Amino acid sequence: MPADAETDTGDVVSSSSGGPGGDGPPVADRDSVDDDGYVIGSGRSGIVRRIDHDDFDPVGTLVLIAIYMAIVGVMWVFMYFVEFLGGDLTVIG
Amino acid sequence: MEIHKYEKVWLAGALLLIVGLIATVSYGAVGAGIEMVGDEGGQVDPASLDEHPKFGEPGTYQTGEDEYDVYVIAQQFSFEPGTSEPIRVPADSTVTLHVTSADVIHGFEVVGTNANTMAVPGQVATITIEVDEPGEYGLLCNEYCGSAHHAMEGSLEVVPQSEWNESMVVN
Amino acid sequence: MATFVDRFPEEAKVVQASFAVAFIALGIGALFGVVQALHRTDFLRIIDSVDYYTLLTAHGVLLALVFTIFFLVGLFTWAVARSFDRPLPDIRLTWAWFGLMTTGATLAAVAILAGLFPEIPMSADVLYTFYAPLQAHPIFYIGLAMFIIGTWMAGADWFLAYREWRGENPDDRIPLQAFMVLTTMIMWFVSTIGVAVSVVFFLIPWSLGLIETVNPLLTRTLFWYFGHPVVYFWLMPAYLLWYTVLPKLAGGRLFSDPLARVVFVLFVLLSTPVGIHHQYLDPGIAEGFKFIAMTNTMFLLLPSLLTAFTVVASVEHGARQRGGEGYLRWLGALPWRDPAFTGMALAGLMFAAGGFSGMINAGMNINYLIHNTLWVPGHFHMTVGTAVALTMMAGTYWLLPQLTGKTVYSRPIGLLQVVLWFVGMVFMSNAMHRGGLLGIPRRTAEPQYQNFDFATAVGSVGEIQAQIALGGVLLFLSVVIFLFNVAATWAQDRVDTPVDDRIPEPLSSSSGAPLVLDNLALWTAIAVVLVVLAYTLPLASIVTDGGLLGNSPAFPVSISVQPVVDAALSTLESAAPGVPIDVHSTDAAVDRLTEVIR
């Protein structure tokens, strides 16, 4: 765990406080915060727990991209062997 | 450099995909025998196509039993042959299309098929196709070639062997 | 802590000016886009089919070159000043390249739009690929050359900033954003040589009448030498935002800084020696060269596939920190009400789909199926038209407050805007892909032909065209809303803290990246060697076959009304003496004639 990442822990803000944390500026102008607490760029104000490098396994990412890979594989086979090779007047010379 | 184990899995999968894509295309080239438009067509002078032994009289030439060469000139905004009269080839034959341009860059696309090439002035594109059933295909220019590009079209007619006759070939 | 405009007021002005030019181009380009979408699908025809190509040229140049690249220079200026944490070396140089680029873009735009006015003897209806021997007015080429030279000066500006920073920080790693800017510009310097040679040595002298002829295959090949890397030049600003901004917007941190660097290095190496994959169906280039270009292209998928993992993992990190659970349920924990986040996330999703159709484009022989069909614009409206453009618009919602000190006028309107873009593009590009498979060509003003109909297995041509028209209208609405939101933001008053502009440290920091990654000279050298290997033989053979100057005289687009009439007349003649088939074709030809020359 690099040391500079430790300095970053200060900007984790609990969603209930909605206020600034650590060395950063206030997250938002209170008046502009809508009912759901969203303002542009305020994704980090919704953080409820801090997950560091060693605690994070992107298993959801692996699932998503595995689904993507499967779709791409099937589509490729369909496009190449059905749409293309199954087509008319294929160039053979 | 430290790489997460999942990312290593993904890296391997990605490389596999890439190799698979290249392998499929290679199979198409070697196994299915698909050839790309290449440089075998040679060069012509676009300004003096009328002096060319074949493009001077474009059309269908018989080169062997069930083998034909078709010479086509693309120009603003027609194919010759193709537009004013269809390109005619007999059914159940092997046809080599020789396509060039008399002026700007055009496209030559037999609509809804894999027969598709660019027509570049000065260059001759050659593509060989096998035609089976009689029928009629549309023909269009698929590269912007000037203000009436959308009017540049024609047809390719696959004539039944029984109706095929001498008048349909140039030689 | 003050935001960007407080720390770098001079740079903020340049970035704002660049964005302003980009957004003006976006507005005009989008207007022409919707006119084309409605015209070629026959829903609404307010222009002549001849003028379609004028608008198409303007649409391509204004969106693909002016909008994207002006946004890029603004973004990169922001990224360089921000990540080096110092002003640019000399702001006069910065304004100089901005001025040169703007002048060049304006000249090119004037030359194109003059084509709408018959009384002005100037036209550049050559589309944004400007293939010779179709010839535009010299002002078009000169404007393009000035624009490109302006981007070179911008690159020099950022490298000078790097040199100053390096002088004071001899042992530091190059900050990630600056690293991305510098590597992208190396790629740009290497790849724009092609188009510069084509325009400066061939097309400008030819359009001025100093040389008689050109070799069309040579200028075309030089265009595509540049024409594929320019795709990555559009994409790299989006990648910069996805890597360095999107994780923060998601509530997380970048998963891996070292891998981000590896990805950008791969783009430097592989972006250029692939251009021949746009010429798979060109005569005069041997099949072997095409196969080499394909292999390089397929390996160029690698950095994008790595990006997919790293960026999605960074976003997932944000979702988990925000309390997300499960294999996929974490997606619900993301800040979907933030237009900056949602726009970029949807852009990334669309890029995944566009990536697939790109694999088809890249597959050498399957290219016969889709070459120059509507499939191709379907593809690039997903990639440059969404992955890039939507990311830029979404990024604007987060960047503009930093550049102006003003909060975004309306977050909900911004959210509506990015979603509208995504929905519009789903309709339009999906229909374009399907239309392409039927053989419907790209770049044409007319929906129908006289000799044949397009055959559909599923759905109908009318339904495909309706989807294209609907999508085009939604996309145009989205741009109108975007421009309104941006203009209204500019009109606001300044506040102390317009946006949270902090970017957290990566989870896996640059200290873990091998030092060699920062050796820019090494990567430049390898990139040049790869380009030389990939292009020497094809170019030599093209020049040997066709001559350096070729034998194609000019076909100026400005006088091309005459050939239109000739063509229509020849159609008439062909129909008249022909077999007594039908009177309809004669009528059709007459209709076509009147329509075309109207």
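How many residues does the contact take from chain A and from chain C? It takes 44 from chain A and 50 from chain C, where two residues count as in contact if their C-beta atoms, placed from the backbone, lie within 7 Å.

## Ground rules

This is a predicted model, in which local features need pLDDT of at least 70, side-chain atom pairs count only at pLDDT 80 or more, and totals for chains, interfaces and linings use all residues. Residues are numbered from 1 along each chain as its sequence is written, while chains are lettered from A and ligands numbered from 1 in the order in which they are written.

## Chain A against chain C

On the chain A side, the elements that give two or more residues are α1 (3–6) and α2 (59–84). Helices here are DSSP runs of H or I with at least four residues, strands are E runs of at least two, and both are numbered from the N terminus. The top contributor from chain A is α2(A), with 14 residues. By class, this side has 25 nonpolar, 10 polar and 9 charged residues. For the classes, Ala, Val, Leu, Ile, Met, Phe, Trp, Tyr, Cys and Pro are nonpolar, Asp, Glu, Lys and Arg are charged, and the others, Gly among them, are polar.

A word on confidence: pLDDT, the predictor's confidence in each residue from 0 to 100, averages 72 in chain A, with 60% of the residues scoring at least 70. Over residues 1–35 of chain A the pLDDT is below 50, though this stretch has 62 contacts in the model beyond near neighbours in sequence. Where pLDDT is low, the predicted coordinates should not be read in detail.

## Chain B against chain C

Here the contact takes 59 residues from chain B and 73 residues from chain C. On the chain B side, two or more residues each come from α1 (5–30), β6 (106–110), β7 (116–119), β9 (135–140) and β10 (153–159). Of these, α1(B) gives the most, with 10 residues. The chain B side divides into 27 nonpolar, 23 polar and 9 charged residues.

Chain B itself splits into domain 1 (1–34) and domain 2 (46–168), with bounds from an automatic or database domain assignment. The centres of those two domains, taken over C-alpha atoms, are 38 Å apart.

## Chain C overall

Chain C has 20 helices and 2 strands. Among contacts in chain C with a separation of 6 or more, 85% join residues 24 or more positions apart.

Four domains are assigned in chain C: domain 1 (1–172), domain 2 (213–245 + 251–334 + 514–552), domain 3 (337–502) and domain 4 (567–598). Between domain 1 and domain 2 of chain C, 9 residues of domain 1 are in contact with 10 of domain 2. The domain 1 side of that contact has 7 nonpolar, 2 polar and no charged residues.

## Helix α11 of chain C

Helix α11(C) (residues 287–299) has 13 residues and reaches 19 Å from its first C-alpha to its last, close to the 18 Å expected at 1.5 Å a residue, that is, 1.5 Å times one less than its number of residues. Its buried residues include C:Phe289, C:Ala293 and C:Met298. The buried residues of α11(C) pack against α1 of chain B, together with α10 (257–270), α12 (301–321), α13 (339–362) and α18 (520–546) of chain C.

Terms used
Buried ≥ 20, exposed ≤ 12 C-beta atoms within 10 Å, placed from the backbone.
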